[in-house]
Amino acid sequence: MKKLQGAPQRKPITPDLLMTPSDQGDVDLDVDFAADRGNWTGKLDFLLSCIGYCVGLGNVWRFPYRAYTNGGGAFLVPYFLMLAICGIPLFFLELSLGQFSSLGPLAVWKISPLFKGAGAAMLLIVGLVAIYYNMIIAYVLFYLFASLTSNLPWEHCGNWWNTDLCLEHRGSKGGNGALPLNLTSTVSPSEEYWSRYVLHIQGSQGIGSPGEIRWNLCLCLLLAWVIVFLCILKGVKSSGKVVYFTATFPYLILLMLLVRGVTLPGAWKGIQFYLTPQFHHLLSSKVWIEAALQIFYSLGVGFGGLLTFASYNTFHQNIYRDTFIVTLGNAVTSILAGFAIFSVLGYMSQELGVPVDQVAKAGPGLAFVVYPQAMTMLPLSPFWSFLFFFMLLTLGLDSQFAFLETIVTAVTDEFPYYLRPKKAVFSGLICVAMYLMGLVLTTDGGMYWLVLLDDYSASFGLMVVVITTCLAVTRVYGIQRFCRDIHMMLGFKPGLYFRACWLFLSPATLLALLVYSIVKYQPSEYGSYRFPAWAELLGILMGLLSCLMIPAGMLVAVLREEGSLWERLQQASRPAMDWGPSLEENRTGMYVATLAGSQSPKPLMVHMRKYGGITSFENTAIEVDREIAEEEESMM
C-alpha cells in the first residue's frame, strides 16, 4: 500500500470529445464519459421517439392520395417492396452509425473525415425543413383554436372574406338521393377561409411581393416555437417523456376518426375508391418511383434524426428489433390513415353527389380545405374538427422535435466544452433564429415561400446525401468492418439481405430516384400561380448548396493532411484515431486503447472490474478480437 502511495499517480485524460486542452487529467477511470452527453431515461423513449419522428403529416395527407392515384390496392406491392429494398436497410444503417459512435451527424464522420461535408449538408437540409415545417404546425394551431366554437367559421358563406363565387357545397336531398353540384364554377367556404382568411393570399402579387405580416399567423408561429423549445429544453431527457403522449395519442384519435368514418353513409364508396387494385398501373415506372419516394421521405432517412436519436442509446440497445417495429408500424399507420381519410371523403362525395376523385386532394389541400369541409357535414362538427387538428398537431410536433434535436446535438458534439453546459440556452437561440427566419412565411404571400422550400430544400440534395453516406460506409469504410462493428454492438452480423441492399440495391434505387427527379423536373406552382424564373433558380441553388457541401468538406479534409494528393486522400478517408464506441469498456479489438488517455490494455477488464462477470456481449467482444487476430495472422 505504501509503495502505491509513494509511486507517482498517472492521471487519465478525458477523451477529446468532452474536454478542452486545459482540462486534462481530472477524471477517474470509472467515469462514464457518455453521462455528460445524456442518454434516454426510459426503456421506450427511443422507440416512441422514432415512431413519432417517422409517423408524421405525410402519413395522413400524402400516402392515401399517392395510393389511389397509383393503382389503389396495387400500390401496396411496390410500396412494401421498396420498403424492403430501400427503407429498412437504410433505416438500420443510420441507427447503427449513431448507436455505435454515440455521436451526432457531424462528429459521426470520424468514421471517414473525407465525407464530413455530408453531415454539414444534413444540417442545412434539416434546418430549412424545420423552418417551414413549424409554419405548417402554426396553421394547425390556427385551425385548432378556430374549432373552439359552436359553429365552424368555414361552414357558411357571407363572411367578409367570401366572394360571390362562394357556395355552400351541400347536396340537396331529393327522392333519389343527393342532386349533384357543379364544383368547377364555385368555391367552397372552407377553401375561401383557407386562402382568403388564413393565408390572405389576395394581399400578395406573388413570391416577389409577400405583403404584410399576418399578426395571427405570427403569434401561432411563435406559440409553435415556444412549444418546441419547452419540449427540447433538456434534450432527450425532456423530449423523451413528451413523446409518450405525442407518439401514442394520435393513434387513439385516428382510431376514433376511423370508427366514425366507416359508420357514415357512403364510406364504403370512398374506401373502395382508395383500395380497388388496378394492376395495370404496375407496368408504369412512375408508380414504382412514387412508392420509393413515399418510403424515403416517410421514414425520414438522411435528415439525421434517426442517427441523433440512436446516439443517445446504450451501446447494446436492440436497434435491429426496433428497426422492424418502426418501419412496419409506419407502413401500417399510413394504410389505416387512408381508411380514415377516404371513408369521410366517400361520405362527402355521396352528400355532394359527385365522384370521389373530385373531392380528393393531397397535402395542405386535404388537411385545410377538404377534410374541414367534410367536418361541417357531421353532427358535432367542432368536436371532430378539434380532434382532427389535434391529431395533426401531435403528429407534427414529434418530427419537429427530431429536427431541432438533430441541429442542437450536431453542433454541441462539435463544441462540447463550450455548448454542452449551456445546451438549453443554445437551443433557445436556435429556436429564436428560426422563428425570425420563418416570419416571411407569415406574410400574405408566405405560402409561395413555403411551397418553394418544400419543393427544393429536401429534394435531390437529400438523395445525394443518403447515396454518399451509403457508399462512404460500405465502400470506403468497408462493409466487412461495418458488419464487424454491428457484431460487436448487437452480438450478430447483418445477413446477406442487409449486405446486398447496402452494397447494391439501396444505392441503385436512390440513384434511379435522383435521375427520375431530374429528368421529370417540373417548375413549382401553387394553384394557378406559376413561379418566376428567379424563384426557380433560387430553389435549385438551395438544393445544390447542400450537394456542394460534400466536395467542400472533402477539400477541407484533404488540405488538413500532409503528403501527395493521393496520400492525403488516403489519410482523410481513414477513420480517426478515436473513432469507435464512446465508452472504454465497449472498445475491443482494433478499438482498444484508442481513446485519448486510455490506460486499460483491454476494455473488457474495465467492464469486469465495474460490473463483475462476463456477459454474452463480452463473449461477443472476445469473438471479435479472435476474428481480428486471425485476419492479422493470415495477412502476415
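Reader: How much of the chain counts as buried?
Author: Of its 636 residues, 58% do, where buried means under 20% relative accessible area with a 1.4 Å probe, protein chains only. This is a predicted model, with pLDDT of at least 70 needed for local features and 80 or more for side-chain atom pairs, while totals for chains, interfaces and linings use all residues. Residues are numbered from 1 along each chain as its sequence is written, and side-chain values use heavy atoms, leaving out hydrogens and water.

Reader: OK, and which residues have the most contacts inside the largest nonpolar core?
Author: Tyr139 and Leu392, in a core of 197 residues. Such a core is a set of buried Ala, Val, Leu, Ile, Met, Phe, Trp, Tyr and Cys residues joined through side-chain atoms within 4.5 Å. Helix 6 brings the largest share, 23 residues; helices here are DSSP runs of H or I, at least four residues, numbered from the N terminus.

Reader: What does leucine 392 contact, leaving aside neighbours within four places in sequence?
Author: Leu57, Val60, Val140 and Ala367, with contact meaning heavy atoms within 4.5 Å.

Reader: Switching topic: which helix gives the most to the lining of the second largest pocket?
Author: Helix 22, with 5 residues.

Key. Helices (H or I, at least four residues) and strands (E, at least two) are DSSP runs, numbered from the N terminus. Buried means under 20% relative accessible area, exposed over 50%, partly exposed in between (1.4 Å probe, protein chains only).
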